[in-house]
Amino acid sequence: MERYLFGLFYGSAVLAALLLASLCRIAALRRKYNHIKRAFDLSVREEEAARRKEKLYAAMLPERLLELFQKKDTKEFLAGEGRNIRAAVLSFNVEGFSQMARKRTAAEVFRFVNEVLEQAVPQVLFQEGAVERFADAGFRAFYLDTPGRALASAVSVCEAMDRAEHIHGNYSIGISYGDVMAGMVGHEERMGMLTISETTGIAEFLQELAGRYRARILISGSMRSQIPDFEKNYSSRYLGRIYLKAADLEEDLYDVYDGDPPEDKNGKRRTRLMFEKGVELFQEQRYSDARLHFIEVLKANRMDRAAKEYLYLCGRYEDCGEEDASVYLEIY
């Protein structure tokens with residue numbers, strides 16, 4: 001009996017030792033597994049973050065820009081790296097945004113801005129434009145090898161905004177073409193695209209100017225010259241000439257009314273020849289004759305703000321004499 005009990009006790013002790021060793025081995029394997037899983041999860045999160053960062057930069061930088069900078073991908077960009085390029089610059093914004101924002105709650109403004117951008121930005125990306133920055137309820141974008149796409153996307157933006165009947169507010173677009181200093185600024189952990197040039201300043205000026213003349217799209221003469229068969233493909237009128245003081249440069253101005261509401265589009269189409277003849281006479285400083293043409297334009301289209309401005313300028317320059325007379329619609 002004693003031998004039996006001893007054997008039973010000994011067997012139980014061995015079994016318990018084996019069980020304890022197995023449990024220890026399982027615990028060690030579990031710790032090792034958890035360590036590997038944490039490392040794997042961290043690696044996955046880092047890869048996902050890198051992919052998101054890469055996707056973000058790719059959205060900001062067209063493939064052609066990578067070629068110009070001789071980069072294989074966006075990760076090779078360094079903060080402070082820039083280069084001069086030739087590009088079309090598009091500036092878009094909602095008119096009177098600051099005044100509108102003061103009358104709404106922060107949540108309402110946030111929702112409005114996002115609704116506007118959801119309609120406008122895809123039109124830019126579809127035409128291979130790169131959105132450089134957002135401001136208020138608008139943005140600035142640039143186009144490289146095919147600057148004509150800037151105007152195509154501007155018309156598409158107008159059409160998309162008109163389809164979004166829940167978005168209320170006037171908006172305008174300015175487009176110019178020329179030399180642009182483009183590059184990345186910031187820190188290696190947080191960089192962004194920045195463009196600086198006279199061209200960007202002109203685009204923003206035209207965007208702000210558009211609402212004053214009841215236009216949705218204003219483009220510079222330098223931009224117009226980049227578009228093959230411009231007259232055939234777009235409905236526009238010559239708006240006049242502006243003077244850029246900083247550059248001591250004259251620039252022609254065109255109102256592209258393909259994106260206008262039907263009433264405005266029809267009014268500008270009916271009076272185009274009369275209006276442009278008035279502009280021609282104004283630039284010849286024949287203010288009395290030009291004045292008569294703009295009066296006729298307003299008889300046919302009383303909402304033509306550009307004709308009203310020219311009518312005011314004709315009267316002003318007739319009264320002041322030749323010394324203070326000007327041939328410019330605007331001086332910037």
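Axes are lines fitted to C-alpha atoms, for helices over the stretch in contact, and angles run from 0 to 180 degrees between N-to-C directions. Helices are DSSP runs (H or I, at least four residues), numbered from the N terminus.

This is a predicted model, where local features need pLDDT of at least 70, side-chain atom pairs count only at pLDDT 80 or more, and totals for chains, interfaces and linings use all residues. Residues are numbered from 1 along each chain as its sequence is written, and side-chain values use heavy atoms, with hydrogens and water left out.

**Exercise 1.** Classify the packing of helix 10 against helix 11.

*Solution.*
- Take the geometry: helix 10 (residues 287-300) packs on helix 11 at about 155°, with the axes 9 Å apart.
- Apply the cut-off: the pair is therefore roughly antiparallel (angles over 145 degrees).
- List the contact (heavy atoms within 4.5 Å): helix 10 gives residues including R291 and F294, and helix 11 gives residues including K308 and E318.
- Sort by class: eleven residues are nonpolar, one is polar and three are charged.

**Exercise 2.** Do the exercise again for helix 9 and helix 11.

*Solution.*
- Helix 9 (residues 262-283) and helix 11 (residues 305-320) pack at about 25°, with axes 11 Å apart.
- Helix 9 is therefore roughly parallel to helix 11 (under 35 degrees).
- F275, V279 and F282 of helix 9 touch A306, A307, Y310, L313, C314 and Y317 of helix 11.
- The classes are nine nonpolar, no polar and no charged residues.

**Exercise 3.** Is C314 buried or exposed?

*Solution.*
- C314 has a relative accessible area of 0%.
- C314 is therefore buried (under 20% relative accessible area, 1.4 Å probe, protein chains only).

Technical notes:
Buried means under 20% relative accessible area, exposed over 50%, partly exposed in between (1.4 Å probe, protein chains only). Helices (H or I, at least four residues) and strands (E, at least two) are DSSP runs, numbered from the N terminus. Angles under 35 degrees count as roughly parallel, over 145 as roughly antiparallel, 65 to 115 as roughly perpendicular and the rest as oblique. Ala, Val, Leu, Ile, Met, Phe, Trp, Tyr, Cys and Pro count as nonpolar, Asp, Glu, Lys and Arg as charged, and the others, Gly among them, as polar.
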